[in-house]
Amino acid sequence: GCGENGAGRWAWPGGGRGGAGCSGEGGSQSPGNGVGRCDAGREGAASQCDVSAPCAPSRSTAETRRWILDPAGERYYWWLSAMVLPVLYNWVVIICRCCFTEAQERHAALWLSLDCVSDAFYLLDIAVRLHTGLLEEGILVLDGDRIRRRYLHSSSFRWDVASVLPTELLCLRLRSALRANRCLRAPRLFEAFDRRETRTAHPHAFRIAKLMLYVFVAIHWNACLYFALSVSLGLGSDTWVHPNGSRPGFARPLRQYLHSFYISTLILTTVGDTPEPRREEEFLFMTAGFLLAVLGFATIMGSMSSVIANMSAADASFYPEHGPVRRYLRAHGVAGRLVRRVAAWHEHLRAQRKLAEERAVLRHLPERLRAEVAASVHLPALSKVGLFQSCERGVLEALVLRLRPQVFGPGEFVCRQGDVGREMYFIREGRLEVLGADGVTQLAVLGEGLYFGEISLINIPGNRSGNRRTADIRSIGYADLFCLAKEDLAEVLTEFPSARVLLEAKGREILLRMDKLDVHAEAAAAAAREEAEHRARVLEAALEALQTRTARLLAQLESSALKLALRIGRLESRLLPPGAPRPQHRPGAQRTAVPGGGSDCAGAANVPSGGGREPREPQGSPRSIAPSRAARTWGCQRRVMPAPDCSAPGGSVRGRVRARSGARDRQGSVPGSGSTAFPPPARCPRAGARPAWHRVLAPRPGTACAAGGPQELPGTAQGWHAEPLPGALRCL
Ligand SMILES: Nc1ncnc2c1ncn2[C@@H]1O[C@@H]2COP(=O)(O)O[C@H]2[C@H]1O
């Protein structure tokens, strides 16, 4: 639906599909490309947005949103990558042109055009930033005004403007030096590098390359400054400064630059063999260079070692380390073939890029995402398993999270006959042999897409081995398996009963072949199961019949009670003298009925002087109450129907039977009692819940109930009729 917050309307990042949000007036962000797109007019847009006015698109606004970039999108990423070039150009070339004046003068036209291109990029970058969406509370804001306002008031805008000011126009002679403000756009370079680092498949290599670039820029600047200092001190004036043009080849700018770069490298990498300084300026330059070198060296060493450490840590988290296992084996004096097997297993994992601890690698992902990742990796292999071929994707996804990949080397036993079965296996890759009781005879060879180890996990009737393995399973070469624990299998089979049928059928077949199936026990178990099922069916039918009878009896009881009340009313009106005081009926006084037909008025107010006041029965009590004199006199009747009524949410198990009004009318029942609530004979599922009364007889216009005969009562509270209202105890 549409969401609005303050001045702007928002869209979910990546939303738009499935109506996740409406951006602006009917717009939502298109998934993937990172550019805001308006949903309005799209099929189904009305159902996603509130159809009322707020979602109707204004054309100009929709147009504006079309050009809003998602900061996490592709286009923005590629723009950032493009910005690396002009920023680097300025960082490398400006200082070079300042110090190597000959190079500046020789290629002035080229520099000028490159400067123009770089400035155009800088200006375009400001425009891009004016159209880059921003995240607020995790939601992408696509409102152009809001974005513009935010950027124009930010410090980034000031820096961006400062970096593109045409300062070189102030003094055309110092053109290149005055372009130094272009270096202020460096944050864009860092941003681009950060993005690249998160996207690249080789982050460590990228980190090293980035470090080398920084080192190169530092050496380059130092080289330029060395040359500038040499020029100011006089080229070739001593052995430290740059040689002058009289030395062969040193008149060329390229040679000058390369020589300076070489000296700078010697200084900054503290390799040594640097020319000895002679003058104060030279000493100062060298000292500053060495200090910078110490700093740079420490930084480089630190970064390199952290990159290398991270690389090995990343590798270790992917593949199990052989070193500790080897040391462990050596410490315990294990040698020979076993050590070689362990080493071969480790090598195989690395060579085949197989992960032993996949769960550990993915453990930080949210569960749903982890399931999706695991599904995309393993589903193709899992769907080859015959057992799961007809499974829905949801079942497979649930299953895939429970599977543990395991790799077995050649000749390794996956399970041995007689072991207690705790897991079953699906073969992802490789071949395994099933060995007979002698440990030599090959009963079968299992390959990709097959499974084993299920017989000891599922309870096959008549299985003589019980929960013990029926055979040895040995890996022929390297076997890549999925392992599923017994508890997980039980859960999966509950959700997917047809898989159980398949497993049982296959297991039974194997057991029969191996003569490990006790056919008599199986038949007895089947007979017992059938008998139990039959009994359950009979009980169910009896229960149903009982419910119907109860309902019928209750309906009869109710109708005769009502008839009785009417007759008593009529008799009273005939027997009482015309002037005699008539008992006042208090509408709403409650009357309850007992299953035995006893009756009583629960309310004391409607009991006449002659009637003994009886203690009021607590509502909901199933106790039978004998009819009192008052009740007999007044024709009040109590109806009691204990019904399991768990008034807590979801607690009620009450059933309802519709009575046939016609039949009941013929029996003299009161018309209008169309339906009867009755309790199914089930226990109240909520612990401590008590049954409640649930039949109501309420006044009905047309007849009066009074001691002196029919009496007019105001309003609708006249007469009687049966009205089924669950869960209440009322008295006529
Ligand atoms: N003859 C056979 N053919 C195929 N698989 C078998 C055969 N015998 C035993 N198995 C499998 O080997 C497994 C050994 O452990 P389980 O008894 O749990 O389950 C067994 C079956 O899955």
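**Reading helix and strand contacts**

Colleague: Which residues of α5 meet Ile147, Arg148, Tyr151 and Leu152 in α6?

Modeller: From α5, they are Ile126, Arg129 and Leu130; contact means heavy atoms within 4.5 Å. This contact divides into five nonpolar, no polar and two charged residues (nonpolar: Ala, Val, Leu, Ile, Met, Phe, Trp, Tyr, Cys and Pro; charged: Asp, Glu, Lys and Arg; polar: the others, Gly among them). The model is predicted: local features need pLDDT of at least 70, side-chain atom pairs count only at pLDDT 80 or more, and totals for chains, interfaces and linings use all residues. Residues are numbered from 1 along each chain as its sequence is written, and side-chain values use heavy atoms, without hydrogens and water.

Colleague: How do the axes of α5 and α6 cross?

Modeller: Two packed helices are described by the angle and the distance between their axes. Axes are lines fitted to C-alpha atoms, for helices over the stretch in contact, with angles from 0 to 180 degrees between N-to-C directions. For α5 (residues 108-130) and α6 (residues 144-152), the axes come within 8 Å and cross at roughly 125°. Therefore α5 is oblique to α6 (under 35 degrees is roughly parallel, over 145 roughly antiparallel, 65 to 115 roughly perpendicular, the rest oblique).

Colleague: And what is the crossing angle of α17 and α18?

Modeller: Roughly 115°, with the axes of α17 (residues 486-495) and α18 (residues 497-513) coming within 5 Å. So α17 is roughly perpendicular to α18.

Colleague: In what order do the four strands of the open sheet stand?

Modeller: The order is β7-β14-β9-β12, with antiparallel pairing. Strands (E, at least two residues) and helices (H or I, at least four) are DSSP runs, numbered from the N terminus; two strands pair if DSSP finds at least two bridges between them.
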